[in-house]
Amino acid sequence: PKQVQPGVHKLDFEKGQMLANVVRMSQRTARILHYEQRHKVMVLFSAGKGDEFIDVVGRVAIDHPQDFKFVLANVQHFNDLMQMFDLKTSDLPTAVIHKTSRGEAKYAM
């Protein structure tokens, strides 16, 4: 993270890179996330909209380092997530929770 001012950091990372408990979804990270035991908070967005969520997700992620893995996912590349949570394009942007414990519960917000 790059410090913008005291106590405020900006998260910048390349496509497919992980930074602490924040991940930008890619083919590589999708395989890794499959085995991640923490529940996932996924921010789903359409093409060109992901960067506006990085800072917000980063601020929330700081408070939940052990509880959740935060995932930014462009549904243009991961349309199966839309089907998995029974979402339509008009629902975007949105966030969903995938509880990876027994029963694999899924919640759309």
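**Entry 1: the buried side of α2.** I looked up which residues of α2 are buried (under 20% relative accessible area, with a 1.4 Å probe and protein chains only), and I found F53, I54, V57, G58 and A61. Seen down the axis of α2, these buried residues fall within an arc of 140 degrees, so they line one face of the helix. The arc is taken from the directions from the helix axis to the C-beta atoms. I noted the general rule that an α-helix has 3.6 residues a turn, so residues three or four places apart point the same way.

**Entry 2: the source.** I recorded that the model is predicted, that local features need pLDDT of at least 70 and side-chain atom pairs pLDDT 80 or more, and that totals for chains, interfaces and linings use all residues. Residues are numbered from 1 along each chain as its sequence is written, and side-chain values use heavy atoms, without hydrogens and water.

**Entry 3: the other side.** I then turned to the other side of α2, where E52 and R59 are exposed (over 50% relative accessible area).

**Entry 4: packing partners.** I asked what the buried residues of α2 pack against, and I found β4 (22–24), β5 (39–45) and β6 (68–74).

**Entry 5: the span.** Helix α2 covers residues 51–62, and its twelve residues reach 18 Å from the first C-alpha to the last, close to the expected 16 Å. The expected span is 1.5 Å times one less than the number of residues.

**Entry 6: the chain.** I listed three helices and eight strands in the protein chain; helices are DSSP runs of H or I with at least four residues, strands runs of E with at least two, numbered from the N terminus. Of the 109 residues in the chain, 39% are buried.

Terms used. Contact means heavy atoms within 4.5 Å.
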